[in-house]
Amino acid sequence: MAEEKNIKLAIFFILVASFMVFYAYDKYRLQEKLEQCSIYTVAKPTRTFRLRGKFRLEYTYNINGKRFTMDDPANIYNTGGSWWERDKEELMRRRYWIQVWCEDYRKHKILWDLDVPDTLVTIPRLGWKELPAGLPAYHHPDE
């Protein structure tokens, strides 16, 4: 009986470790792809919500006439702020730089730490090959 319980526990830990390795590898591969070829565009938030207890931000961005609606975790490591209070209004007021892979516009990364200037009104249909120069860093209102 105890041996069976140990086997089940070992299988559980192997599955969890496999998932973590796969997740880390997937993030690493995305970063490699973005370094090879990427486009930059601006995303607009549409809503904030919780999924399985985790705070998320839904946003849209357009590339080549196609609209993409995505969501990402909006945790303190990305957005700053406290553990217990997420300033949803602040997240919804901002616009976000998105780095998109050239070959699949759904593969992307939010650049949380860069501000999109209010003066930026026109976004090119195909985005930018490079980020525009002189972008201010984002500073959380609590800082």
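Predicted model: local features only at pLDDT ≥ 70, side-chain atom pairs only at ≥ 80, totals over all residues.
Residues are numbered from 1 along each chain as its sequence is written, and side-chain values use heavy atoms, with hydrogens and water left out.

**Figure 1. Overview of the protein, with three helices and five strands.** Helices (H or I, at least four residues) and strands (E, at least two) are DSSP runs, numbered from the N terminus. The protein has 143 residues, of which 33% count as buried. Buried means under 20% relative accessible area, exposed over 50%, and partly exposed in between (1.4 Å probe, protein chains only). Accessible areas come from the Shrake-Rupley method with a 1.4 Å probe; for residues, only the protein chains shown count as cover. Among contacts (heavy atoms within 4.5 Å) with a separation of 6 or more, 52% are between residues 24 or more positions apart.

**Figure 2. The disulfide between C37 and C102.** A disulfide is a covalent bond between the sulfur atoms of two cysteines. Here the term is applied to a pair of cysteine sulfur atoms within 2.5 Å, and the count by this rule is one. The S to S distance of C37 and C102 is 2.0 Å. The link of C37 and C102 is left-handed, with -90 degrees about the S-S bond. C37 lies in the loop between α1 and β1 and C102 in the loop between β4 (96-101) and β5 (108-115), so the pair ties together parts that are 65 residues apart in sequence. C37 is partly exposed at 32% relative accessibility, and C102 is partly exposed at 21%.

Figure 3. F13 lies in helix α1, which spans residues 2-36. A nonpolar patch on the surface is formed by L9, F12, F13, V16, F19 and M20, with about 630 Å² of accessible area together. Patches are made of residues with over 30% relative accessible area and no salt bridge; like charges are joined within 9 Å, and nonpolar side chains (Val, Leu, Ile, Met, Phe, Trp, Tyr) within 5 Å.

**Figure 4. The salt bridge of E4 and K8.** Side chains of opposite charge can pair when their charged atoms come close. A salt bridge is a side-chain nitrogen of Lys or Arg within 4 Å of a carboxyl oxygen of Asp or Glu, and a search of the whole structure finds four. In the pair of E4 and K8, the closest N and O atoms are 3.5 Å apart. E4 and K8 are separated by about one helical turn, because they are four residues apart in helix α1. E4 is partly exposed, at 47% relative accessible area, whereas K8 is exposed, at 55%.

**Figure 5. The salt bridge of E58 and R47.** The closest N and O atoms of E58 and R47 are 3.3 Å apart. This pair links distant parts of the chain, with E58 in strand β2 and R47 in strand β1, eleven residues apart. E58 is buried, with a relative accessible area of 17%, whereas R47 is partly exposed at 40%.

**Figure 6. The salt bridge of D115 and R94.** The N to O distance between the side chains of D115 and R94 is 3.8 Å. D115 lies in strand β5 and R94 in the loop between α3 (88-93) and β4, so the pair ties together parts that are 21 residues apart in sequence. D115 is partly exposed at 23% relative accessibility, whereas R94 is buried at 7%.

**Figure 7. The hairpin of β2 and β3, with two residues between the strands.** Strand β2 (residues 54-63) pairs with strand β3 (residues 66-73) in the antiparallel sense over eight bridges. Two strands pair if DSSP finds at least two bridges between them. Y61 has F68 in β3 as its bridge partner. In this hairpin, N64 takes a positive phi near 55 degrees.

Figure 8. T48 is partly exposed, with a relative accessible area of 21%. Not counting residues up to four places away in sequence, T48 touches F55, R56, L57, K88 and M92. T48 and K88 are 40 residues apart in sequence, with a C-alpha to C-alpha distance of 6.8 Å.
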